[in-house]
Amino acid sequence: MSVITCIEDLRVLAQKRVPRMFYDYADSGSWTEGTYRANEADFQSIKLRQRVAVNMEGRSTAATMIGRQVAMPVAIAPTGLTGMQHADGEILAAQAAEAFGVPFTLSTMSICSIEDVAANTTAPFWFQLYVMRDRGFINSLIDRAKAAKCEALVLTLDLQILGQRHKDLKNGLSAPPKLTLPNLINMATKPRWCLGMLGTSRRQFGNIVGHVKGVGDMGSLSEWTAKQFDPQLSWDDVQWIRDRWGGKLILKGIIDEEDAKLAAATGADALIVSNHGGRQLDGAESSIRALPRIVDAVGDRIEVHMDGGIRSGQDVLKAWALGARGTYIGRAFLYGLGAMGKPGVSRALEIIHRELELTMAFCGHRELRGVDRRVLLPGTLPA
């Protein structure tokens, strides 16, 4: 593909270059995938008001997210197994985000470790934490994030138990992939990916293997992870983690107004309106539909961000207009990474930035300040 014009172009290319089990891991939701599809489709139903004869010179997409200056209100979302979309994927994505001027968030379930990313970047990144039964391991992860000078901790609240994703079960998802005949046949059609993986030693969950007693291979790791996500997670645990971390805290996975109020009461710096990309409760509301009610519910008590379904700069502007002061891209950057490595992530960011800038101009705005719900066509807003 000689000309990449949109995120969909990157998705098509990634599907050709990434082994099926890892492409499907990124490009899927739970059960019927209804919520996964709604996250994206519900953005399309919101229409913009075009304005004319306004000064479009000197446009800027600059903003702040939890006090950090960003080139646009977009961060790289935490995604597990990123280093299986492309060799050393987390490092490459973090480097692309740093060069562009947006935050990168590293997942607990990453292939490259906290230390790997810290050693290969200079800008402070954010670290996403899952709450597990092993509190000693949680303490260790927090200490490692502090040592790496992570700027913020992103605490995920919506994965106490794992949603069922049919494609992962059918593909026998593992890292590194099990060398079954179907997997070998599929990987043989992905020579770029195979060469990259042969050139790196990072093929397992870098934040866990070697850091947890008794976990030294994928078999024991898989069993340990299934047992470790904590179904008893409570708001008391959130307070404990906030005190233990002591820095900026973002709470991820809020999709209900009552939970948003509880999140604001913790004193966290931001919450992320998110249904985990449609990968947990199928049938849940899309993030963009929930966003305006949550913004109204918490007022100015906590900064509101959102993720889920963002595939363009227009989506970013719509989320901003509805009150989100930060957005996160997961699949959009993963498509770029799988398609082209680090240049693909940069291209994904460039596409979204260009679309955001042009859409602002067509809607009569030169900067994000002043953009609110009035930029959206009445009658098309989420009910």
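Predicted model: local features only at pLDDT ≥ 70, side-chain atom pairs only at ≥ 80, totals over all residues.
**Helix crossing, a covered strand and a buried loop residue**

**Helices H12 and H13**

- On the H12 side the contact is formed by Glu-257, Ala-260, Lys-261 and Ala-264, which meet Arg-293, Ile-294, Ala-297 and Val-298 on the H13 side.
- Sorted by class, the residues in the contact of H12 with H13 comprise 5 nonpolar and 3 charged ones, with no polar residue among them.

- Strand S5, made up of residues 126–130, is mostly covered, with 5 of its 5 residues buried.
- In a regular strand, side chains alternate between the two faces of the sheet.
- In S5 both faces are covered, with Trp-126, Gln-128 and Tyr-130 buried on one side and Phe-127 and Leu-129 buried on the other.
- Strand S4, residues 105–106, runs parallel to S5 and is joined to it by 2 bridges.
- Within this pairing, Leu-106 stands opposite Phe-127 of S5, and Phe-127 is itself one of the buried residues of that strand.

**Helix H15 and the residue after it**

- Helix H15 covers residues 331–340 and is mostly covered, since 9 of its 10 residues are buried.
- The buried residues of H15 are Arg-331, Ala-332, Phe-333, Leu-334, Tyr-335, Gly-336, Leu-337, Gly-338 and Ala-339.
- Gly-341 follows H15 and has a positive phi, near 70°.

**Phe-229 in its loop**

- Phe-229 lies in the loop that links helix H10 (218–228) to helix H11 (235–245).
- Its relative accessibility is 11%, and Phe-229 therefore counts as buried, the cut-off being under 20%.
- Leaving aside residues up to four places away in sequence, Phe-229 touches Tyr-130, Val-131, Met-132, Arg-133, Leu-159 and Gln-160, and Tyr-130 in this list is also one of the buried residues of S5.
- Although Phe-229 and Gln-160 are 69 residues apart along the chain, their C-alpha atoms are separated by 5.5 Å.

Terms used:
Residues numbered from 1 in each chain as written. Heavy atoms only, no water. Contact = heavy atoms within 4.5 Å. Helix = DSSP H or I, 4+ residues; strand = E, 2+ residues; numbered from the N terminus. Nonpolar A, V, L, I, M, F, W, Y, C, P; charged D, E, K, R; others polar. Buried < 20%, exposed > 50% of the residue type's maximum accessible area, 1.4 Å probe, protein only. Pairing = 2+ DSSP bridges.
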